[in-house]
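Student: I'd like to go through this model and ask what stands behind each label. Can we take it term by term?

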Amino acid sequence: MAGKDDVNANCQMLDGVCAASEGFLNTLYHGILDAIGETAKGLGSFWVHTPSVPLEGPDNAVTFMRDTTLWYVGVLMMISVFYAAGQMIWTRKGQPLTDLLASLLKYILVSAASVSAITMLLHAGDEFSAWVIDQSTGSEFGAALAGLMALTAFASVTIGPGLAIFIIVVGIIAILISVIQIGLLIIRSAMAIILVGTLPMAYSATNTQWGKQWSQKHASWLIAFVLYKPVAATIYAAA
């Protein structure tokens with residue numbers, strides 16, 4: 001016999017197959033709903049209120065990557081100097097020297113200030129993400145997300161097999177999206193470390209055409225990963 005919040009297949013008294021199917025659907029239905037609730041709570045606490053990976057410090061991955069790629073930076077800077085000298089000889093103009101000095105200045109600024117600047121941007125993104133979620137929900141994000149997933153939307157209607165299967169499919173999709181979201185956050189943290197760690201190398205030869213394109217793409221990817229969390233939080237809040 002189906003309860004108030006159970007799947008009701010309208011089984012007859014002696015229909016054992018229908019009763020067994022109804023019991024299986026009930027078990028799966030309530031299991032999926034419980035999993036959605038736990039996933040919503042976990043996603044709310046893990047994603048919104050977890051700070052970004054630290055980039056500063058003497059013994060972190062960013063410092064290690066910059067130290068290990070310092071030799072490559074030197075080689076690329078020598079290539080940029082030779083390139084500027086060749087351009088000056090070929091064109092008999094002083095513009096290549098100006099481009100070389102601008103390239104060296106960019107490298108110095110990136111090497112000196114990029115870690116602190118990116119750290120501040122990541123911290124600002126964390127604060128903004130938590131703020132925009134709190135402003136949109138007015139309560140705990142996990143509870144609001146659970147309501148968004150319609151865990152209680154069908155409390156006042158009779159739940160038939162078709163509706164139960166629909167809710168189960170939607171719940172599985174929601175769980176998969178939550179797992180993908182957590183995976184994307186892990187990738188974001190790893191890519192932020194790699195991009196910040198190799199940023200001086202990308203800016204070591206911006207007076208060359210390939211060096212300028214490399215630095216622009218490098219910076220674009222870094223900005224995209226920095227802005228991912230605030231943008232995702234804004235989309236969640238708008239939804």
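Tutor: The structure holds three aromatic pairs. One of them joins W71 and Y72. Before we go on: this is a predicted model, where local features need pLDDT of at least 70 and side-chain atom pairs count only at pLDDT 80 or more, while totals for chains, interfaces and linings use all residues. Residues are numbered from 1 along each chain as its sequence is written, and side-chain values use heavy atoms, with hydrogens and water left out.

Student: Why is the pair of W71 and Y72 called edge-to-face?

Tutor: The centres are 5.4 Å apart and the planes make 85°. The limits are within 6.5 Å for a pair and over 60 degrees for edge-to-face, so both labels hold.

Student: What makes W71 exposed and Y72 partly exposed?

Tutor: Buried means under 20% relative accessible area, exposed over 50%, and partly exposed in between (1.4 Å probe, protein chains only). W71 has 62%, so W71 is exposed. Y72 has 47%, so Y72 lands in the middle class. Over the protein chain, 35% of the 239 residues count as buried.

Student: How do you know how far to trust the model?

Tutor: Look at pLDDT, the predictor's confidence in each residue, from 0 to 100. The protein chain averages 76, and 64% of the residues score at least 70. Helix α7 (residues 199–202) has the highest mean at 93, and helix α5 (residues 141–148) the lowest at 54. Over residues 1–5 pLDDT stays under 50. Where pLDDT is low, the predicted coordinates should not be read in detail.

Student: What makes something a helix here, and how many helices does the protein chain have?

Tutor: Helices (H or I, at least four residues) and strands (E, at least two) are DSSP runs, numbered from the N terminus. The protein chain has eight helices and zero strands.

Student: How do you know which side of α2 is the buried one?

Tutor: In α2 (residues 61–68), V62, M65 and R66 are buried. They cover an arc of only 95° around the axis, so they sit on the same side of α2; the arc is that of the directions from the helix axis to the C-beta atoms. F64 and D67 are exposed, on the face turned away from that side.

Student: What makes a group of residues a nonpolar core?

Tutor: It's a set of buried Ala, Val, Leu, Ile, Met, Phe, Trp, Tyr and Cys residues joined through side-chain atoms within 4.5 Å. The largest one has 17 residues, and V62 and Y203 are among those that touch the most other members. Helices α2, α4 (95–137), α6 (161–197), α7 and α8 (209–238) each give two or more residues to this core.

Student: Which residues does Y203 contact?

Tutor: Contact means heavy atoms within 4.5 Å. Leaving aside neighbours within four places in sequence, Y203 is in contact with S103, K106, Y107, V110, S215 and A219.

Student: What makes R92 stand out?

Tutor: Most residues other than glycine have a negative phi. R92 is not a glycine, yet has a positive phi of about 60°. R92 lies in the loop between α3 (70–91) and α4, and at 79% relative accessibility counts as exposed.

Definitions and conventions
Rings of Phe, Tyr and Trp (its six-membered ring) pair if their centres lie within 6.5 Å; planes under 30 degrees apart count as stacked, over 60 as edge-to-face and the rest as tilted.
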